[in-house]
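Reader: Got a model here that I'd like to talk through. Can we start with what's packed inside, then look at the sheet?

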Amino acid sequence: MVMTEVFDKLKSLQDILVKRYELEAKIVDAPKQLGSQDELLTRLKKEYIEKNAKYEEVRTRVLGLKADLEAAEKQREAGEAGMDNITTHREYEALDKQITEATAKEQEIRKELSVQEKELSVLQENLKSDEEMIKSSEDDLNKNKAALDNELTSFKNELTQLKSQEEQITTGIDQEIVYKFQRIIQRNNKGIVAVKNGVCEGCHMILPAQFANEVHDGEKILFCPYCSRILYYQEAENEEDNNYFTMSEAGSLADLDDDFDEEEDEEDDLISEESENDDEIIDDEDDEAEFDDEEDDEDEDENN
């Protein structure tokens, strides 16, 4: 398979993989959209159960108070009825005490019963409101689940089509290359990029000259040494401004050695010239010293 054809296939595969991974992410994240609704419904049901337990507790208390109230009323009425048949003062005092205690108890029970009945009424209203809210939340959740199921079905159908296209495109391409390409797409969304002017369009790094030449030749699959993307050569818009160069223009190691040798020769010549100058200076200094010695000898002869 010609490399240009491979590059074209990889470009098409790139678009398919990007869509595929987006769909797979949506399929994973989709149920999370209902998470908050599900949590709210669970909390409402829990609160409803707690309130209902409290309601049953208060209702039982109200029923007990009503029974106690009925007994107190009967006791008072019995005392009042017995007043008509008393014959002694002691009987009167006993019945009067019975009526007084029964009346006091009756009033106390009525007072407590009123409080409990109000609490029971509030709890009943809250339970009714919670039941409506729970039903509404369940209806919304069920509708959203149905819509989500339809959406997931659509996603899965599209995903199946993409995988089928992927299998067709990857036919004839080394599976190891395909595997690496898939991993790159998962990280960067771009797995194949152009090289222009010796620069990777993925990470915008300047590529080594020899490596850039290999990309230009297009004889094999090459991965960017910096971002790991697959590279293909693309002509620059203005070829004159193209910074791309060949290894012949870059020179060789032998050329570098020659330049280095020339620099060493120049340095040696410069050192030799400096040495000759230093020797001349030393000779001049010796001549001057000799001349000074002769003058000193002449002065001594004159003095003698």
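Reader: Of the residues in the largest nonpolar core, which touch the most other members?

Author: This is a predicted model, so to speak of local features we need pLDDT of at least 70, and side-chain atom pairs count only at pLDDT 80 or more, while totals for chains, interfaces and linings use all residues. Residues are numbered from 1 along each chain as its sequence is written, and side-chain values use heavy atoms, leaving out hydrogens and water. A nonpolar core here is a set of buried (under 20% relative accessible area, 1.4 Å probe, protein chains only) Ala, Val, Leu, Ile, Met, Phe, Trp, Tyr and Cys residues joined through side-chain atoms within 4.5 Å. The largest one has 44 residues, and those touching the most other members are L10, F181, I192 and I230.

Reader: Which element gives this core its largest share?

Author: Helices are DSSP runs of H or I, at least four residues, and strands are E runs of at least two, numbered from the N terminus. Among the elements supplying at least two residues each are α1 (3-29), α4 (175-188) and β1 (192-196). The largest share, 13 residues, comes from α3.

Reader: And what order do the strands of the open sheet have?

Author: Two strands pair if DSSP finds at least two bridges between them. β3 and β4 pair in the antiparallel sense over 2 bridges, and the edge strands, each pairing on one side only, are β2 (199-200) and β3 (222-223). The sheet has 4 strands with mixed pairing, in the order β2-β1-β4-β3.

Reader: What is the bridge partner of L222 in β4?

Author: L222 has its bridge partner in β4. That partner is L231.

Methods. Buried < 20%, exposed > 50% of the residue type's maximum accessible area, 1.4 Å probe, protein only.
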